[in-house]
Amino acid sequence: MGAARFLPRKIWRQRQRQRDDGLQPGPHSMPDATDVEDAARRFLLLGILPLWVAPGLADWWMHRRTGIERTSGTKESAIHALMMTEAGVPVVMGLVARVNPLVLTTMGASAVAHGATALYDVSLATGERAIRPLEQHIHSFLEVLPLTALAFTACLHPDQVRSALRGGSNPQDWRLLPKERPLPPAYLAGLACAIGLGVVVPYAEE
């Protein structure tokens, strides 16, 4: 019954009938490639991206507890704004634009830049305020999530990864194009609200 949670009841019943008729593999057979892709896409959109807000909010709370306004102050807050930009730009591109070599390259470059900026951020803050073990673990989540999102996106678009590795000979490979199948507006609005309340508002206060 776990599959019914993610599929409309009518489609789930149809698949059950197909399994009974031998037209679709049962639960102990190898999963269909489409099912795996759907699961990966759901985990990326409904898991990784929304949960990204949680460690960001926890990190902001650690900044408050250690009195960032009295220690590293504006310098560290400016670096945090830079890191949010480095993470936010590729996320927006992945949500609204067609995934092609341009988008994948931007995601990869942003992930590397985000990691380098995070290293500089910690080296700066260590001399100004106390960086507790809990905050260091929070940083670990924030550093690995861009790479995780990139990895899932690459797995969902292997043809575009191959094109990027070959230099992208198609002119459309290096253009920012709208998605052929845009994400539901309700999902985009919900994600925007979560990011606004969990990231933009707290760090604006900082």
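Colleague: Which helices each supply at least two residues of the lining of the second largest pocket?

Modeller: Before the case itself, keep in mind that this is a predicted model. Rolling a probe the size of a water molecule over the atoms shows where empty space is left. In this chain, the helices that each give at least two residues to the lining of the second largest pocket are H3, H4, H5, H6 and helix H8 (185-205), and the largest share, 10 residues, comes from H4.

Colleague: How many residues line the second largest pocket, and which of them lie nearest its centre?

Modeller: The lining of this pocket consists of 29 residues, and those nearest its centre are Trp 52, Met 84, Ala 87, Gly 88 and Val 199.

Colleague: How many residues line the largest pocket, and which lie nearest its centre?

Modeller: The largest pocket holds about 1,000 Å³ of space and is lined by 39 residues, with Arg 41, Gly 94, Val 99, His 157 and Lys 179 lying nearest its centre. Its lining divides into 20 nonpolar, nine polar and 10 charged residues. At least two lining residues come from each of helix H2 (33-51), helix H4 (73-96), helix H5 (101-126), helix H6 (133-156) and helix H7 (158-165), and H2 gives the largest share, with seven.

Colleague: Where is Lys 179 placed in the chain, and which residues is it in contact with, leaving aside its neighbours within four places in sequence?

Modeller: Lys 179 sits in the loop between H7 and H8. Once the neighbours within four places in sequence are left aside, the contacts of Lys 179 are Gly 94, Leu 95, Val 96, Ala 97, Arg 98 and Val 99. As for distance, Lys 179 and Gly 94 are 85 residues apart along the chain, yet 9.1 Å separates their C-alpha atoms.

Colleague: What share of the contacts between residues at least 6 apart in sequence join residues at least 24 apart?

Modeller: For the protein chain that share is 83%. The chain has eight helices and zero strands, which read along the sequence as α-α-α-α-α-α-α-α.

Colleague: Why does His 114 count as buried, and why does Leu 134 count as exposed?

Modeller: The reasoning rests on two cut-offs, since a residue is called buried under 20% relative accessible area and exposed over 50%. His 114, which is found in helix H5, counts as buried because its relative accessible area is 8%. Leu 134, which is found in helix H6, counts as exposed because its relative accessibility is 52%. Beyond its neighbours within four places in sequence, His 114 is in contact with Met 83, Glu 86, Ala 87, Leu 142, Glu 143 and Pro 146.

Colleague: What share of the residues in the protein chain is buried?

Modeller: Of the 206 residues in the chain, 36% are buried. The accessible surface amounts to about 12,700 Å², and 64% of that area belongs to carbon and sulfur atoms.

Colleague: Which residues of H3 are buried, and how many residues does this helix have?

Modeller: Helix H3 spans residues 53-65 and has 13 residues, reaching 19 Å from its first C-alpha to its last, which is close to the 18 Å expected at 1.5 Å a residue. The buried residues in H3 are Val 53, Pro 55, Gly 56, Asp 59, Trp 60, Met 62 and His 63. Asp 59 and Leu 134 are 75 residues apart in sequence, while their C-alpha atoms are 9.3 Å apart in space. After H3 comes Gly 67, with a positive phi near 65°.

Technical notes
Residues numbered from 1 in each chain as written. Predicted model: local features only at pLDDT ≥ 70, side-chain atom pairs only at ≥ 80, totals over all residues. Heavy atoms only, no water. Helix = DSSP H or I, 4+ residues; strand = E, 2+ residues; numbered from the N terminus. Expected span 1.5 Å × (residues − 1). Buried < 20%, exposed > 50% of the residue type's maximum accessible area, 1.4 Å probe, protein only. 1 Å grid on protein atoms, 1.4 Å probe; cavity = no way out; pocket = protein on both sides within 12 Å on 5 of 7 lines; lining within 4 Å. Points joined across faces, edges and corners; volume = space filled by probe spheres on them. Nonpolar A, V, L, I, M, F, W, Y, C, P; charged D, E, K, R; others polar. Contact = heavy atoms within 4.5 Å. Areas by Shrake-Rupley, 256 points an atom, 1.4 Å probe, with all protein chains shown as cover.
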